[in-house]
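Please keep the sequence and the structure in view while reading.

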Amino acid sequence: MTHESLVDDGWAETIELLGGEELIAGSARETKAFLRPRGVRSATDLLRLTLAYCLGKVGMRGVVAWAAASGIADISDVALLGRLRNAGPWLQQLIGHLLKREEEGLPKGRLIRILDATSVAKAGVHEKKNNGLWRMHCAFDLEREQFDFLEITDQSEAELIDRVPVVPGEIRIGDRAYLQAERIAKVMAQDGDVVVRAPWKNVRWLDANGKAFDLIGHLKSCREEVIETPVWLGLKKGEPLKMRLIALRKSEAATQEARRKINKEAKAKGKQVQPETLIAAGFVILVTSLDQEEFPSGTVLKLYRMRWRIELAFKRLKSLIGLRAPPAKDPRIAKPWILAHFLIALVTEPLSQELGVSPLERRAPAAVARHPPDRRLSDRSDLCSTSLGSPAPKSPCLATSMA
C-alpha cells in the first residue's frame with residue numbers, strides 16, 4: 001500500500017481487502033469506535049483518517065487539513081484525537097477478521113509457529129532515559145508466512161513461551177529467551193511441542209537419575225558434528241521435564257567469530273567471560289520435546305533454521321510498512337498506532353513475493369510432512385502461496401492485549 005492509496009481509487013480496493021464497508025462499520029459499532037457521524041460521515045472514513053495519521057508523517061493537524069481539503073471529513077485535531085483513543089479495540093477486531101477469513105475448505109495440518117518479539121521506543125524524554133519500550137510479542141505461522149498472534153506490552157513484560165494460546169499438536173520454535181522450563185511444561189501439557197535454543201546456564205540440567213548433568217563436560221567429550229542426548233529440565237514443582245538435547249558443532253570460523261563478540265561485549269561491560277561460555281559458543285544447542293523417530297536431529301536443526309523467517313517479517317514491518325516509534329505518550333494512541341501497521345502488514349501480505357524469496361527457501365523440512373494424516377503438515381510446496389486472510393490450520397484468531 002502506498003500513501004496515494006488513501007486518497008485515490010486504491011482506497012476502495014483497500015476497503016475490500018479489509019472485508020468491505022459493512023464489516024468495517026459493524027465492527028466499529030460493536031467496539032464503540034464509531035457511533036455518531038460527528039464531523040466524520042462513516043466508519044470507513046474514520047478508518048481512512050486513522051491510517052493516514054498512523055502511516056503518514058504529517059501529524060494530527062496535517063491529517064485534518066488534508067481531510068477537509070479532500071472533502072473526507074470536517075473535524076478538528078482535538079476531536080480526531082478523541083476518536084483515535086477509542087480505535088484500539090476496533091483495529092484489534094479488524095485484524096482478527098482478516099485472520100479468520102476464508103477458513104472453510106483449507107487443508108489441515110500440523111501448525112508450526114515461531115515465537116519472537118520486537119519493540120519500538122516510547123515517546124517522551126523520560127521514557128527514552130529509562131529505555132521505555134512498546135514490546136510486540138508475536139507468533140508467526142511458518143506455513144502461511146503471516147503473524148497469527150500479537151500482544152502489545154511495555155518493557156516490563158518478558159518474552160514467555162506460553163504467552164500464546166496453545167493449539168494441540170503445534171510445534172513452536174523460540175530462541176534462548178524462551179528456554180523456560182516451567183512454561184515449557186505448560187505448553188507440553190496442552191499437547192504442544194517445542195524447539196528452543198538453549199544457553200548453557202540459567203536452567204537446571206539433570207540426568208536420568210535426577211543428578212546434575214554437566215552439559216559443558218559432555219560437549220567437550222564428544223567429537224561428533226551433531227551431538228544428541230536425553231536430558232531433563234528441573235522444575236520448581238513436579239517431576240523433571242524429559243527433553244532431547246541436540247548440539248550442532250560450529251565451524252572454526254563461526255566459533256572464533258562468536259567468541260570474539262562475547263569477549264568484546266564483556267570488555268565493554270567490564271566483565272570477565274566464563275570459560276564455559278567460550279566452550280558453548282562453539283555449538284548451536286537446542287532442546288526439543290519432539291519424538292526422535294518422527295523428528296531426527298537433522299530435521300530438528302532444519303526446523304530451527306527457519307526461525308529467520310520471523311526476523312524477515314519484522315524487517316518488512318519496519319522497513320516496508322514503516323513501523324516506528326509512536327509519536328504520542330498516551331497508550332490509547334500509541335497502541336492503535338502499532339496495530340494500524342500490523343493491519344496493513346496483513347493487507348499487503350500478498351505482495352511479500354516481491355521480496356524475491358525463493359519458494360524453495362519457504363518450504364518446511366520435507367521430513368516434517370511425512371507424518372500420519374492427523375498430525376502432518378499441509379503438502380503445499382510454497383508456504384507463502386496462501387491468499388491473504390487464510391488462517392493457519394487449527395490456529396486461533398489473533399489475540400491482542402491492550403493492557
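Rings of Phe, Tyr and Trp, the last by its six-membered ring, are taken as a pair if their centres lie within 6.5 Å, and a pair counts as edge-to-face when the planes are over 60 degrees apart. The model is predicted, and it holds four aromatic pairs.

**Aromatic pairs and cluster**

- In one of the pairs, Tyr53 and Trp337 have ring centres 5.6 Å apart and planes at 75°, so their arrangement is edge-to-face.
- Because Tyr53 belongs to helix α3 (residues 43-55) and Trp337 to helix α14 (residues 331-347), this pair ties together parts that are 284 residues apart in sequence.
- Both Tyr53 and Trp337 are buried.
- The rings of Phe140 and Phe147 also form an edge-to-face pair, because their centres are 5.4 Å apart and their planes stand at 75°.
- Phe140 and Phe147 are both buried, and together with Phe314 and Phe342 they form one aromatic cluster.

**Charges over rings**

- The charged end of Lys122 sits over the ring of Trp134, at 4.6 Å from the ring centre.
- The ring of Trp308 has the charged end of Arg309 over it, 4.3 Å from the centre.

**Nonpolar cores**

- The largest nonpolar core has 76 residues, and those that touch the most other members are Leu47, Leu49, Leu80, Trp90, Met136, Ile338 and Phe342.
- Helix α14 gives the most to this core, contributing twelve residues.
- When residues up to four places away in sequence are not counted, Leu80 touches Leu46, Leu49, Met60, Val63, Val64 and Ile75.
- Another core, of 35 residues, lies apart from the largest one, and its members include Val187, Val194, Trp200 and Phe283.

**Sheet and packing helix**

- Nine strands form an open sheet with mixed pairing, in the order β3-β2-β1-β4-β5-β9-β8-β7-β6.
- The edges are taken by β3 (146-154) and β6 (205-206), each of which has a single partner strand, so one side of each is left without a neighbour in the sheet.
- Strand β2 (residues 133-141) runs antiparallel to β3 and is joined to it by eight bridges; Trp134 stands opposite Asp154 in β3.
- Helix α12 (residues 297-305) packs on the sheet, where it touches β1 (112-121), β4 (171-174), β5 (193-197), β7 (226-233), β8 (241-249) and β9 (283-288), and the direction of α12 makes about 80° with that of β8.

Definitions and conventions:
Residues numbered from 1 in each chain as written. Predicted model: local features only at pLDDT ≥ 70, side-chain atom pairs only at ≥ 80, totals over all residues. Heavy atoms only, no water. Phe/Tyr/Trp six-rings, centres within 6.5 Å; stacked < 30°, edge-to-face > 60°. Helix = DSSP H or I, 4+ residues; strand = E, 2+ residues; numbered from the N terminus. Buried < 20%, exposed > 50% of the residue type's maximum accessible area, 1.4 Å probe, protein only. Lys NZ or Arg CZ within 6 Å of the ring centre and 35° of its normal. Core = buried A, V, L, I, M, F, W, Y, C linked by side-chain atoms within 4.5 Å. Contact = heavy atoms within 4.5 Å. Pairing = 2+ DSSP bridges. Axes fitted to C-alpha atoms, helices over the stretch in contact; angles between N-to-C directions.
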